[in-house]
Amino acid sequence: MESTVAVPVYRRNEVALTDCLTRFATTRGNATAITFVDYATSPDGITRSLTYSELHDRVCAVAARLRRDFRRGQRAAVMAPQGVEYVVGFLGAIHAGLIAVPLFPPGPEGGPGRIASVLADCEPSCVLTVEEEDERLARTLRECGFPDLERVAVDVLAERAGDQYRRPETDPGEVAYLQYTSGSTRTPTGVEITHANVLSNAAQALEAYVGEDPDASTVSWLPLYHDMGLVLSVAAPLVGGIHTVLMDPAAFLRRPVRWLWHLSVNSPSVTAAPNFAFDYCAAKVSEKDRAWLSLDGVRSVINGSEPVRPATMERFNRVFAPCGLPPESHRCSFGLAEATVFVSASRAHRQPRTVRFDRVALGEGLARVAETGAEYSELVSCGGPIGQRVAVVDPDTHRPLPEGTVGEIWVNGPNTGRGYWKHDPAESASVFDAHLVEPGELPGDGWLRTGDLGVLHEGELYVTGRIKDLIVLDGRNHYPQDVEETVERHEQLRKHHTAAFPVTVDGTERLVVAAEYARSTPPHLRNPEETAAAVRKEVAAEHGISVHELLLLEPDTVPRTSSGKVARQLCKRRYLDDELGSEDLHG
């Protein structure tokens, strides 16, 4: 499966993101490059913007400071709050020839344990922050065992400090930054993203989602330490010379209409979010708030990062259709940190295709459209690749599989990362430089093994799940998201907060489900026995399997990754270690 898109939008002599910034600072210096809307200071939002010239001056000041005290190739961890300073620090590290490490600031996502683990892995020489957060960060670093790690407040460096600064010569194959994986199926690991990787993926994303409209804006509340947030809000806008508008994730969660409002006023607009955000908006944005929205200028709404649920997409489109939202703007996508981020997307100017596949056949590795009355799994197409190749491969034999057969998704393109940081080269090569057996017309080498399962159907890619999450019971394959969706239909249980996983009991694989109560279900209204009986009955009827143990949990108990996905493997480990407090209901 090969894309016909392969035209870079950056110039051949530009080998780093900051080369694009330098060009736009020269040719369009007074145009607005970046805007951050601060809702923490005011509920109405305080806007702060930088032009290309101002952003370039700030980035050069940071780069000059870093070049003075640190060596090329050393790591600079970015731990500033979401906003303009985060972007300045990230780009300043790259401009100085250091390896940027976009991380989370101290807080809910950045607890001492996770921060200590990542810092020990990347071994930074400094941490980039802001003056207001310096004391708090110093305290966190002491708790993590890094009391002497130098902190650089990027917001107090004089803008003119970098007037004479020039970026050192850079090879496109050098590492620009380390993108730490979200940890949905493994310990968070740093992916080496080269300058060529990020420029290529930014160009691919622009071609797929933006087109050639210089007046387009990207709008995002996604964390900048997350791969999708970083490429959508920093890399792609810089390469394409388009305006980027940022919010804090907390601002979205408190009032999701803010996200949609900025899509309205920054038309034509492009944005991205995980599946849960669309359900959240449909449920939380009032009719009164919807009356103020004008979404007819939304060009692409990228739905990625977690499995796309057709019902969610339909609900979001239906609720916001009166606001002018074009249904074809919804772009279901597949990507991963190891490929910088974006891999494939549903086709432009057309609503994403949904197909009801026979659930039993799908469990046997075959994609067959379900007949009327048959049990089915409804999947949304992720379309085709963006300036790269995709193959569905037998994970054991490494042979490409024919259309209609489920296998591992492999990716080949200029955007696939160089390897895992500090990993054995052979281990990295097994993931980032896999070899196809009998490749036919496809390249034989240079394939990225994604660890995701998928199938090609009528020329489009459908993602079915993660290899490590697959539930195998009595010789049949079951996808956890199918079981979780069935469980979450119960009115007392919370949507998008369920984990289904297999455990071995007396030598036999059994199914365990951990599900959170909905926030709207207070303890005195809970009926665990009735809920468990209803859930078991529904799972048995729809999937032909029995639930060995159902754990009914308090809200925010099921562990999630830094990008918001359910961490099934971590949930399983906590279950086995008896660390999930719950009402245990055995079958």
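These notebook entries record what I looked up in a predicted model.

I took residues as numbered from 1 along each chain as its sequence is written. In this predicted model, local features need pLDDT of at least 70 and side-chain atom pairs count only at pLDDT 80 or more, while totals for chains, interfaces and linings use all residues; side-chain values use heavy atoms, with hydrogens and water left out.

Entry on aromatic rings. I counted rings of Phe, Tyr and Trp (its six-membered ring) as pairs if their centres lie within 6.5 Å, with planes under 30 degrees apart as stacked, over 60 as edge-to-face and the rest as tilted. The count comes to 15 aromatic pairs. I noted Trp 221 and Phe 252 as stacked, because their ring centres are 4.1 Å apart and their planes stand at 5 degrees. Trp 221 is in the loop between strand E9 (217–220) and helix H7 (227–240) and Phe 252 in helix H8 (residues 249–254), so the pair ties together parts 31 residues apart in sequence. I took helices (H or I, at least four residues) and strands (E, at least two) as DSSP runs, numbered from the N terminus. Both Trp 221 and Phe 252 are buried (under 20% relative accessible area, against exposed over 50% and partly exposed in between; 1.4 Å probe, protein chains only). One aromatic cluster includes these two along with Trp 259 and Tyr 280.

Entry on helix H4. In H4 (residues 112–122) I found Ile 115, Ala 116, Val 118, Leu 119 and Cys 122 buried. Just after H4, Glu 123 takes a positive phi of about 50 degrees.

Entry on Trp 261. I located Trp 261 in helix H9 (residues 257–265). Trp 261 is partly exposed, with a relative accessible area of 37%.
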